[in-house]
Amino acid sequence: MDPLILSRLQFAVATYFHFLFVPLTLGLSVLIAIMETLYVRKGDPEYRRMARFWGRVFLTNFVVGVVTGITLEFQFGTNWSGYSRYVGDIFGSLLAIEATAAFFLESTFIAVWALGWNRLSAKAHCVSIWLVAAASNLSAVWILIANSWMQHPVGYVLRNNRAELTDFWAVVSQQYAILTFFHTVAGAYVLTGFVIMGASAYHLLKKQHTSFFSRSFRMGLIMALIFSIFELVEGHLHGADLAEKQPTKLAALEALWETQASAPVYLLALPSPSNDGNLLQWGRIPGVMSLLAHHDPGATVKGLLDFPKEDRPPVLITFLSFRLMVTLGCLFVLLSLAGWFKRNKLQSSPGYLRLMLWATPLPYVACALGWTVAEVGRQPWIVYGLMRTSEAVSPVSTSQVAFTLVGFLVLYSLIGILAFWLMARYIKAGPEPEPITPGN
């Protein structure tokens, strides 16, 4: 293998692992803030116990997410020095803002929140977790703006053989970045809802802490229901934007090879890139792709054959990842809707609770598939239409990248096992005992 393939594998390993922890951090910070707000407003101590219980899971996620995020940023210098030289003026600025405006705020108030349970008033403690939630999501804003610039570069000029920033507002306000932020964060909230429902289902099936975990389940359910429906609608808007910004990725998503009006969607298809066509296609629905891409069932959609072969993404991986992601997204809506009708009779619905327990990992899979669609579908470009991935790699030897790749695999496996073991242990142990009421 050459250093390019190994460097891509190393970055993919680091990114997938990092994003195992980021979504739950984003969603739990908001949900814990809501629990503390309910405690402040209603004075019900069970909401405080809920915030403390889920807070331990949140802290474990946060620590592992920070550690793995730092190694990702180092790789831009070690493995992708060509990229850093070419676009460092823009990409580096966005990462610097994320670090100074969001990460430090988040880190500071996490310490205040974690150590302030018995030192701050309830209102001050609640404010601290809301600041953590705001900073966490603000951090996602800047990271996703940076990634969106790689997907759709704007606000720059090529000068001295590098891209230089000319319009900061164009970079931070472009539609692709806004759609990517809402799509990614909504997915994180769905994942959080399913993790809370899965953990709560475990305890409800064992008939322990039933009031505590019935409330937790319903809060996770509301979050998952709202954002799984939102995700489907927003995902459609994202697809329509792709038709304009990245037409090769759109064609790969649906395995559309020939440019045609009233472009169809097939219920079942299997692309065969070596033959420039589909090995199998069944269930043709005319005009649906045109409608989804251009809001016009008669519109013309450009097929893959009208793009040079060297500019097409890996079609099979992009197509399968997209189809599986959409299937899981629809499943999340159905499971959440079923939960809404069972929300007041959860303890008498063991079949549904078992289903939600086993469904817990599925949003993690959906998030990984989403990143696969975004990143593999952008190839062969590291900056779409501007810089190929092969031009961005560092001049390092195969043995150096292979050694660090093995090191990442071993280290991340150990960290992952430890982190998920800790979270499973916290969850199985259940919440802290109820406070003793004077007189009892």
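Predicted model: local features only at pLDDT ≥ 70, side-chain atom pairs only at ≥ 80, totals over all residues.
Let's start with packing. Two packed helices are described by the angle between their axes and the distance between the axes.

Pair one is helix 1 with helix 3. Helix 1 runs over residues 3-18, and helix 3 over 45-78. Their axes come within 9 Å and cross at roughly 155°. Angles over 145 degrees count as roughly antiparallel, so helix 1 is roughly antiparallel to helix 3. The crossing of helix 1 and helix 3 is left-handed. Who touches whom? From helix 1, look at Q10, F11, A14, T15, F17 and H18. From helix 3, look at V64, G65, T68, G69, L72, Q75 and F76. By class, this contact of helix 1 with helix 3 splits into six nonpolar and seven polar residues, with no charged ones.

Pair two is helix 7 with helix 13. Helix 7 spans residues 175-205, and helix 13 spans 362-376. The axes come within 9 Å and cross at roughly 160°. That crossing angle makes helix 7 roughly antiparallel to helix 13. The handedness of the crossing of helix 7 and helix 13 is left. On the helix 7 side, the contact uses T184, G187, L191, F194 and V195. On the helix 13 side, it uses P363, Y364, C367 and W371. Seven residues in this contact of helix 7 with helix 13 are nonpolar, two are polar and none is charged.

The axes of helix 11 and helix 13 come within 8 Å, crossing at roughly 145°. The crossing of helix 11 and helix 13 is left-handed. Helix 11 brings I317, T318, S321, F322, L324, M325, L328, L331 and F332. Helix 13 answers with L362, P363, V365, A366, L369, G370, T372, V373 and V376. The count for the contact of helix 11 with helix 13 is 14 nonpolar, four polar and no charged residues.

The largest pocket holds about 1,300 Å³ of space. Its lining has 46 residues, and the closest to its centre are F11, T15, H18, L72 and I143. By class, the lining of the largest pocket has 27 nonpolar, 13 polar and six charged residues.

On to the second largest pocket. The volume here is about 1,100 Å³. Lining the second largest pocket are 42 residues, with H183, G235, F322, M325 and V326 nearest its centre. F322 and M325 also sit in the contact of helix 11 with helix 13. Helix 8 has the largest share, nine residues. The lining of the second largest pocket counts 24 nonpolar, 14 polar and four charged residues.

Last, the backbone. Most residues other than glycine have a negative phi, and most peptide bonds are trans. Here are two sites to check on screen.

Where does H209 lie? H209 is in the loop between helix 7 and helix 8. Phi of H209 is near 50°, a positive value in a residue other than glycine.

The other site is the peptide bond from Q379 to P380. That bond is cis, with omega near 10°. P380 is placed in the loop between helix 13 and strand 7, which covers 381-383.

That's the tour. Thanks.

Notes
Residues numbered from 1 in each chain as written. Heavy atoms only, no water. Axes fitted to C-alpha atoms, helices over the stretch in contact; angles between N-to-C directions. Helix = DSSP H or I, 4+ residues; strand = E, 2+ residues; numbered from the N terminus. Parallel < 35°, antiparallel > 145°, perpendicular 65-115°, else oblique. Left-handed = near helix turned anticlockwise from the far one by under 90°. Contact = heavy atoms within 4.5 Å. Nonpolar A, V, L, I, M, F, W, Y, C, P; charged D, E, K, R; others polar. 1 Å grid on protein atoms, 1.4 Å probe; cavity = no way out; pocket = protein on both sides within 12 Å on 5 of 7 lines; lining within 4 Å. Points joined across faces, edges and corners; volume = space filled by probe spheres on them.
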